[in-house]
Every structure is written in C-alpha cells, then in structure tokens.
Amino acid sequence: MADSRQPVDPRRPDLEDSTNVVKEHSNLLETSAAQAREKRIAETGMEPISLWVFLASAIVLLVGGGVLGAGGKLFSYNPHPQDYTRPEFASDADTGPTIGPVLEALTKRGKSIYAKCSGCHGSTGSGDGNQFPPLTGSDWVTGNTERLAQIILNGLSGPINVAGKTYNGIMPPQAPLNAAELAAVMTFIRNEFNDVGEIVSIEQAASAIEIYQARTPGLITVKELNANHDKMLEGEALDPATIVDFETLKPAAPE
Ligand code: HEC
C-alpha cells in the first residue's frame, strides 16, 4: 500500500507537527537573567564615544580658545580707543532747565498736545493743501483768541476761508482739554507756526472752557464764531518772559 501522505516538502510547514507554536514563541521572547544583564546595543549613530577621543577634543578646544583669545583681537568687542573711560551719565536733574520763560514752557508742552492735531494739519502746521487748512498764516490762529479756542474745543463745520482758500469740511471737537493744555496748544500754534509773540495764559484758557461749557454742544460754524466769539479771551495776560516752573506753569523765582 502506498503511503497516503505526500512526500514532505521542507519549504512548507509540516501541518502534522504537534508543536505548540504559541508556547514556543513565548518561551523565545522571555528574557533570561543573563540577557537582562547584557548592555543594550546602542542605535546606529548613538554609540558611546571613546573617552580618549572626548578628552583629546576637550584639550584641543581649551588650548585653541586660549591661544585665540590671548593672541588675536578675535574676541575683542571694545570699540573704544585704548585709554577710553566712560563719561558719567547725566543725572535726572540735568535733563534741562526746570524753570524758564512761560512762552517756552507753554510752547514745549503745546508741542506734545499738538500731536492730536498734526494728523490733519501736518507736523509743520501747513495743512494738506486740499482738505485740511493750514495753521501757518491763518487769521483764525493769529487773530482773536476766543474764536480760536472755540474752534478747537467745539470742532468746526465748514465753509471757512483760510488764507484766501475756502475749505468745506468737518473738524471733530478736540475737547476735553484742561486749561493748561488748551493754553499750551494755542500758544504753540500761535508762536511756532506764526509769530504772535504773546502767550495764551491758563486763566484765559479757563475762561474759554467756561464759554464752551455754556454753549449747546455741537460743531461750531464761522457764522456763530463771527456773531458771538470774535474777541480776545478775558483773563490776565501774562508777559511771555515771565519765569515759570515748567512742571506747574506757576511763576517761579529765577535761580
Ligand atoms: C480730524 C482732522 C482734524 C484734527 C484732528 C484737527 N483739525 Fe483743525 N481742522 C480740520 C478741518 C477739516 C478744518 C476745516 C473745517 C471746515 O472746513 O470747516 C479745521 C480747521 C481748523 C482751524 C481753522 C482754520 C485754520 O486752518 O486756521 C483751526 C484753527 C484748527 N483747525 C486748529 C486745530 C487744532 C489746534 C487741532 C488740535 C488740537 C485741530 N485743529 C485738530 C481738521 C482737523
């Protein structure tokens, strides 16, 4: 009788084999105590470097850095000539005079308040020749101060003739400004962009604010300005040369 089993092909699994493959595999995967003691094999590129190579590199870097630092100017960042000594820093007290003529004090303060206006009227007060009128050479600036103050506080609705040209736009109100700020910005545009030679005192600016507060709020017009406000502001006029404290803007005795 011929054997019913096919001749065994060594490349095929022997299906009659009774070995428990799962169990055999789990035996293989178990780590023996000896295996656990073994040093793990590092991944390629992460092998530990020889101590000698490390020490040799350290010595080369140390000696090389020393030679370069001592010999050359490679690490010299001092831009000053040799016997340079740093000057004393100016103390806070030296930042400028703290007292001076009121014209100077108000102009200086007014310059910073003018930042509110320069976006439209330009940093030199020359306007843009089109939409925004100039403050240089404008009668509205150099003329009666009550008119000027009411334009600034209330804003203005055109038309208005400035230096021979008619503008018909809208200026938004610049209030709230306190009396010192209003006096400062008025003094600034009257003397920096024009040469009026007089200041607007804080007392005069305060009376302008009272007039503004008594008025029904809203943009003012040239018609209303001419009818009600074509005069100089009341209040004591201060000599532009009066010495004041730059901080308080109050008269101060010269040092
Ligand atoms: C948003 C733009 C704008 C700002 C900000 C502005 N103005 Fe004006 N200003 C105008 C326009 C526009 C007119 C003309 C309005 C019109 O046509 O009626 C004008 C007119 C004037 C006038 C009268 C006309 C002239 O040129 O003399 C004065 C004075 C003036 N502004 C001063 C100021 C001052 C001072 C400030 C800042 C505290 C200021 N303005 C801020 C747009 C502005």
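**Figure 1. The largest nonpolar core of this predicted model has 33 residues.** A nonpolar core is a set of buried Ala, Val, Leu, Ile, Met, Phe, Trp, Tyr and Cys residues joined through side-chain atoms within 4.5 Å. Buried means under 20% relative accessible area, exposed over 50%, and partly exposed in between (1.4 Å probe, protein chains only). Leu106, Tyr114, Ile152, Leu182, Val185, Met186 and Ile189 have the most contacts inside this core. At least two of its residues come from each of helix 4 (102-113), helix 7 (145-154), helix 8 (179-191) and helix 9 (202-214); helix 8 gives the largest share, nine residues. Helices (H or I, at least four residues) and strands (E, at least two) are DSSP runs, numbered from the N terminus. The model is predicted: local features need pLDDT of at least 70 and side-chain atom pairs count only at pLDDT 80 or more, while totals for chains, interfaces and linings use all residues. Residues are numbered from 1 along each chain as its sequence is written, and side-chain values use heavy atoms, with hydrogens and water left out.

**Figure 2. Surroundings of isoleucine 152.** Apart from neighbours within four places in sequence, isoleucine 152 is in contact (heavy atoms within 4.5 Å) with Met171, Pro173, Gln174, Ala175, Leu177, Leu182, Val185 and Met186. A second, separate core has nine residues, among them Ile151, Leu156, Ile160 and Ile220.

**Figure 3. The iron atom of the ligand, with His121 and Met171 as coordinating residues.** The NE2 atom of His121 and the SD atom of Met171 coordinate the iron at 2.0 to 2.1 Å. Donors are N, O and S atoms within 2.8 Å of the metal (3.2 Å for Na, K and Ca); water is not among the atoms, so sites may look incomplete. The six donor atoms subtend angles of 86 to 179 degrees at the iron, which makes the arrangement octahedral. Six donors count as octahedral if opposite donors are over 155 degrees apart and all others between 65 and 115. Histidine 121 lies in helix 5 (residues 115-121) and methionine 171 in strand 5 (residues 170-171), so the pair ties together parts that are 50 residues apart in sequence. Histidine 121 is buried, at 11% relative accessible area.

**Figure 4. The two salt bridges of the model.** A salt bridge is a side-chain nitrogen of Lys or Arg within 4 Å of a carboxyl oxygen of Asp or Glu. Arginine 147 and aspartate 230 pair at 3.6 Å, N to O. Arginine 147 is in helix 7 and aspartate 230 in the loop between helix 10 (222-228) and strand 6 (243-245), 83 residues apart. Arginine 147 is buried at 10% relative accessibility, whereas aspartate 230 is partly exposed at 39%. In the pair of arginine 215 and glutamate 224, the closest N and O atoms are 2.6 Å apart; arginine 215 is buried (14%) and glutamate 224 partly exposed (23%).

**Figure 5. Backbone details at Pro159, Pro176, Ala163 and Leu249.** The peptide bond from glycine 158 to proline 159 is cis, with omega near 0 degrees; proline 159 lies in the loop between strand 2 (156-157) and strand 3 (160-162). Alanine 175 and proline 176 are also joined by a cis peptide bond, with omega about 0 degrees. Alanine 163, not a glycine, has a positive phi of about 50 degrees and is exposed at 58% relative accessible area. Leucine 249 has a positive phi of about 60 degrees but is buried at 8%.

Note on methods:
Four donors count as tetrahedral if all angles lie between 85 and 135 degrees; four count as square planar and six as octahedral if opposite donors are over 155 degrees apart and all others between 65 and 115; anything else is irregular.
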